[in-house]
There are 4 protein chains.
Amino acid sequence: MIIVLKSHATDADVADVCRRIEAMGHRPHTIRGELRTVIGAVGDDRGKERLRALESLECVESVTPILQPFKLASREVRPESSTVVVDGVVIGGARIAVMAGPCSVESREQLLEAARKVKAAGATVLRGGAFKPRTSPYAFQGLEEEGLKLLAEARKATGLPIVTEVMEPDKVELVAAHADILQIGARNVQNFSLLKRVAECGRPVLLKRGMATSVQEFLLSAEYVLSGGNPNVILCERGIRTFETSTRFTLDLNAVPVMKRLSHLPIVVDPSHGTGHWEYVEPMAKAAVACGADGLLIEVHPRPEEALSDGPQSLKPERFALLMKSLRPVALAVGRD
Amino acid sequence: MIIVLKSHATDADVADVCRRIEAMGHRPHTIRGELRTVIGAVGDDRGKERLRALESLECVESVTPILQPFKLASREVRPESSTVVVDGVVIGGARIAVMAGPCSVESREQLLEAARKVKAAGATVLRGGAFKPRTSPYAFQGLEEEGLKLLAEARKATGLPIVTEVMEPDKVELVAAHADILQIGARNVQNFSLLKRVAECGRPVLLKRGMATSVQEFLLSAEYVLSGGNPNVILCERGIRTFETSTRFTLDLNAVPVMKRLSHLPIVVDPSHGTGHWEYVEPMAKAAVACGADGLLIEVHPRPEEALSDGPQSLKPERFALLMKSLRPVALAVGRD
Amino acid sequence: MIIVLKSHATDADVADVCRRIEAMGHRPHTIRGELRTVIGAVGDDRGKERLRALESLECVESVTPILQPFKLASREVRPESSTVVVDGVVIGGARIAVMAGPCSVESREQLLEAARKVKAAGATVLRGGAFKPRTSPYAFQGLEEEGLKLLAEARKATGLPIVTEVMEPDKVELVAAHADILQIGARNVQNFSLLKRVAECGRPVLLKRGMATSVQEFLLSAEYVLSGGNPNVILCERGIRTFETSTRFTLDLNAVPVMKRLSHLPIVVDPSHGTGHWEYVEPMAKAAVACGADGLLIEVHPRPEEALSDGPQSLKPERFALLMKSLRPVALAVGRD
Amino acid sequence: MIIVLKSHATDADVADVCRRIEAMGHRPHTIRGELRTVIGAVGDDRGKERLRALESLECVESVTPILQPFKLASREVRPESSTVVVDGVVIGGARIAVMAGPCSVESREQLLEAARKVKAAGATVLRGGAFKPRTSPYAFQGLEEEGLKLLAEARKATGLPIVTEVMEPDKVELVAAHADILQIGARNVQNFSLLKRVAECGRPVLLKRGMATSVQEFLLSAEYVLSGGNPNVILCERGIRTFETSTRFTLDLNAVPVMKRLSHLPIVVDPSHGTGHWEYVEPMAKAAVACGADGLLIEVHPRPEEALSDGPQSLKPERFALLMKSLRPVALAVGRD
């Protein structure tokens, strides 16, 4: 930590801050500048929130951490990229993993049709929501357990492993019984009770970045799962909230190379939620692969105009097939498959 | 809903969209402009997400709702302002309700000292966290049930009702057994499972706006609690995330008059989290009262520089007492107490 | 500056960075931590952008300035608050300065009616735009020089000094010939050519914060005017751009106490542009005064529904008179007038 | 425009609004819904700001435009993509145009070395700033006219056309005398006086999106140039300001397909400013090409660690050469060159 003192700080203030730093187990190191005294608190400051409390002293101007606050998620701790393997599908390997399917599981027919078609087009994981986080209490809330059973049936029919969302700690076991990958949605990225529970469940976790989650906070949420004993975390960029309204969210592809530098975890990108419009899914999917994403999450619905959720951003199966075809050369161009 | 068609839309497209609108139970009303055809879908569109799916049709440019999507939270449905009464304390009445106390319950001594001092200064509700949502898994996570018991003890000692956070559905009953008001934190504002559970528990709910939650989404989260059968919802503005970094968040006081216009629910403001710096708490508390807030949520810690969480934004008890004194004339100036 | 090296930095890297710091005229001070080496560059780093270039070295992780980059605008350099006096009107004194009038000067009648009414209600400065920055080239662009003459006439008629916008360096002289205060609009806050020119013109400058301008950048723009020889700068908060759309911009009142702490310059607030809706002007004007603003900028139009610009946010004269009446007790409550 | 009335609007209110709509030259079309009356104002509403003033009527809830407000920039008016040709270099054609060079022209040696090396690596336009918009008045402000002459010399030496920034209306002629493309910087995107002047100068204009400029506003700024008689506008996405701080700005690649859909103008992307870190330039450059950009703007400096501006985001010439090599297969993969 770097503690910057105010310009009027006295020698007694400096001594007091140094004493407090030592009391918290760090070694103070004072630099007296022309206009400011700066004290470095030497020692591992990751997660050491307590030093930040020094900012409440009247003589302190600011307290700034030096180290990234996460450990297990960091590339410094583990230089080589990690992979998550689900039923033979490798996420984080040379091959781009494409997870596709409807936003919500709406019916047996809808799901099976979508599953068969995304499989035929080359998807390697089936996505579909049984428990749905909906902004309005009056909107369709998902088929819940019935939806999970349909997903299991679709897996049987197609061989595709399943990724689906879990929304509360008490449902983790139930969802894990049917799904191969547990998705933590953007609105739950800092639902720490839920993160702790999925850390214990043994299943790989697809963790979506929240719409106002900084990269640093996002990796700390991943750290909750990793430090809870579950090494199989897949990060997912799905759009952040900005002033721009021509897209539903602003898909932040910059986060892909940033997180690749900071972390060893595999990263997938969701251009469907990120843009909110089916017409932008293909260009942004290509861009995601070009800048280093390990996979994609894409919404496909047999009849988007009748979808119970997220119709505007869903691709028809034929468009998805075209997207898969046009993705291939881009993947090859950046050394992927 | 207003459905705007693309400029190349044909008569057959118009007919198709109208047919779909009717199939969803609305009455289409077509306006042919010089450059665009616009179709109004007449009928109650609150929560009618399905109409939005029409945006996935190739002939449709955009689908825009006309009505605010919430009902029970809306002032249209209930023109007079509502109040929440807790143990004789009225939130939403003429008197500004001040909820004060430490961020985290850290020890018996710390809590009781804080409680006695905020009571002496004029606070009417005691705040304090037993379950703490922390960005880092390595940070202090709260005293949990032990903290709840200390809060109950502080209530006994001071007579102040308690507001404290609940973080997961399964803990609602436990927290409700000790607390008078259940707080839903900013990170859980769209934790719909939790919202449904607190709707059933009978206790008043203090609902904090998320850092990227629009006013409309916020009122929809309130609607989850209201439509679940719990009319006692207190809205809390606590800062949104913007590009500005000189404050920890950007306290959005505009939301106070906006929500007062849209909703009948009482609104409190948290300038401690909203700014993240103790020096800004007093001016922003005054501003909150001046623009119409019904109450304040303020962090007070006997020794902020040793706080286990949020030290930089906590007031010392003496400063809090000064703040209370200087708030009074502002409250009177806007016809409050 | 604090230069943080990457974890793999070698002793040779440390020596190289130190050598470069010295070559730039600073004194390096190395702190070797457990996980990182940190080098403090001691010396006045205000405006010393060159040190930041060290971030391009492969061994450097980040370069962080310690000092605020402005000098003349800073309260450290000048602890007492400064005032700007225009024709006997003091901005930054005990009395709240209210600058009111129409967004655009549209006609002689409109302006004179507005001027007389805002004067009667207690405004001390008349605002009105002759040169209008309009998002669309097809929108009304202002009466230009004709508008300036009408403003001068209104001053004669009412005795109110005039504040009006100047948009380009070459018009500074012309506008200064008619106006008492030159306004730099939000879109020109980083139009450095214009800032340099108004620095030379002798007239007080009302500098509006841009919609994406950080407080630090804003004070650096003020520094352009101050360092160019013009000490009469009035800062104006007028709303920043965030994700929230229920207001046109997000009026950032937090910036008032933040800038009061960092700078000695007077600060006025524009709740008309900040919210974009007349219904929110009164509560936010009160809040601005409550949190320490020295003045207000308020749009008043005799017939807002016919305004050529910014009608939705303009008050009718009667409402403005009511606002002035209700502001007084708030001003008194915070020790102002 | 769609005018939504408040729920309490009377028949007289409806009649009054309709009368006003007619007076403004539009045809009103009333839809009476269950909860709201909505009035469509039929007619070309592009740039018709006046209708918006109706929002100030007490009976009106909101006024929403239906059409995009720009005309000449829109793809509706000109369905085929336009190109800008400079000295034989086509921007907007099959070949990706790469504009590269130093942020600032610092010296003859620096510029010529950079120019020769970017040319050797395959760049087709040379960039370099002579007039520099700097946040701090104490930072290097550019070599000004001397810099322009060096740029002209570099063009002679390499044959590369020049793009350089112009910051004020009065310098347009001077800059146009030396440069092939005039750049309008992000901070001047709504400097309408400058836009009007470059519209008249005959040179192609590279218009950078501001850090808080919506796509719609950006295209309106382009419209200023187009409607002023200059059809040669190149749009440039260079990062917007969001809450995320791990990159200097958030490069908004979504804007590429969005603007491709809305407008026929060519689009280039600046990953150097967009991310602010040289390590992220290559992945984001690839992503930009993959999602449809027509060109790139990349900062290259022989010795970034000694740069007088923007060192952290500048590539060394060797890295730039590698980038050019790795870009080629991505361009081919999306049917470009």
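## Briefing: strand pairing, a barrel and a chain contact

In S14(A), Ala100(A) has Ile298(A) as its bridge partner. This is a predicted model, where local features need pLDDT of at least 70, side-chain atom pairs count only at pLDDT 80 or more, and totals for chains, interfaces and linings use all residues. Residues are numbered from 1 along each chain as its sequence is written, while chains are lettered from A and ligands numbered from 1 in the order in which they are written.

A quick word on terms: helices (H or I, at least four residues) and strands (E, at least two) are DSSP runs, numbered from the N terminus. Two strands count as paired if DSSP finds at least two bridges between them.

**Strand S14 of chain A**

- Strand S14 (residues 295-299) of chain A has 5 of its 5 residues buried, so the rest of the structure largely encloses it.

**Chain A as a whole**

- Chain A comes to 10 helices and 14 strands.
- Its C-alpha trace spans about 75 × 45 × 35 Å along the principal axes.
- Of the 337 residues in chain A, 65% are buried.
- Take the contacts (C-beta atoms, placed from the backbone, within 7 Å): among those in chain A between residues at least 6 apart in sequence, 65% join residues at least 24 apart.
- Domain 1 (2-64) and domain 2 (84-333) are the two entries in the domain assignment of chain A, with bounds taken from an automatic or database assignment.
- The C-alpha centres of those two domains of chain A lie 43 Å apart.

**Where chain A touches chain C**

- The contact draws 21 residues from chain A and 21 residues from chain C.
- On the chain A side, strand S1 (2-5), strand S2 (27-32) and strand S3 (37-42) are the elements that give two or more residues.
- S3(A) supplies the largest share of that side, 3 residues.
- By class, the chain A side has 9 nonpolar, 7 polar and 5 charged residues. The nonpolar set is Ala, Val, Leu, Ile, Met, Phe, Trp, Tyr, Cys and Pro, the charged set is Asp, Glu, Lys and Arg, and the others, Gly among them, are polar.

**The barrel in chain C**

- In chain C, 8 strands close into a barrel with parallel pairing, in the order S7-S8-S9-S10-S11-S12-S13-S14.
- Neighbouring strands of this sheet are turned by 25° against each other on average, direction ignored. Axes are lines fitted to C-alpha atoms, for helices over the stretch in contact, with angles from 0 to 180 degrees between N-to-C directions.
- Strand S10 (residues 181-184) of chain C pairs in the parallel sense with strand S11 (residues 205-208) of chain C over 3 bridges.
- Leu182(C) has Val205(C) as its bridge partner in S11(C).
- Helix H7 (residues 215-227) of chain C lies across S11 and strand S12 (233-237) of chain C, and runs at about 160° to S12(C).

**A hairpin in chain D**

- Strand S2 (residues 27-32) of chain D pairs in the antiparallel sense with strand S3 (residues 37-42) of chain D over 6 bridges.
- S2(D) and S3(D) form a hairpin with 4 residues between them.
- Thr30(D) stands opposite Ile39(D) in S3(D).

Key
Two residues are in contact if their C-beta atoms, placed from the backbone, lie within 7 Å. A residue is buried if 20 or more other C-beta atoms lie within 10 Å of its own, exposed if 12 or fewer, and partly exposed in between; C-beta atoms are placed from the backbone.
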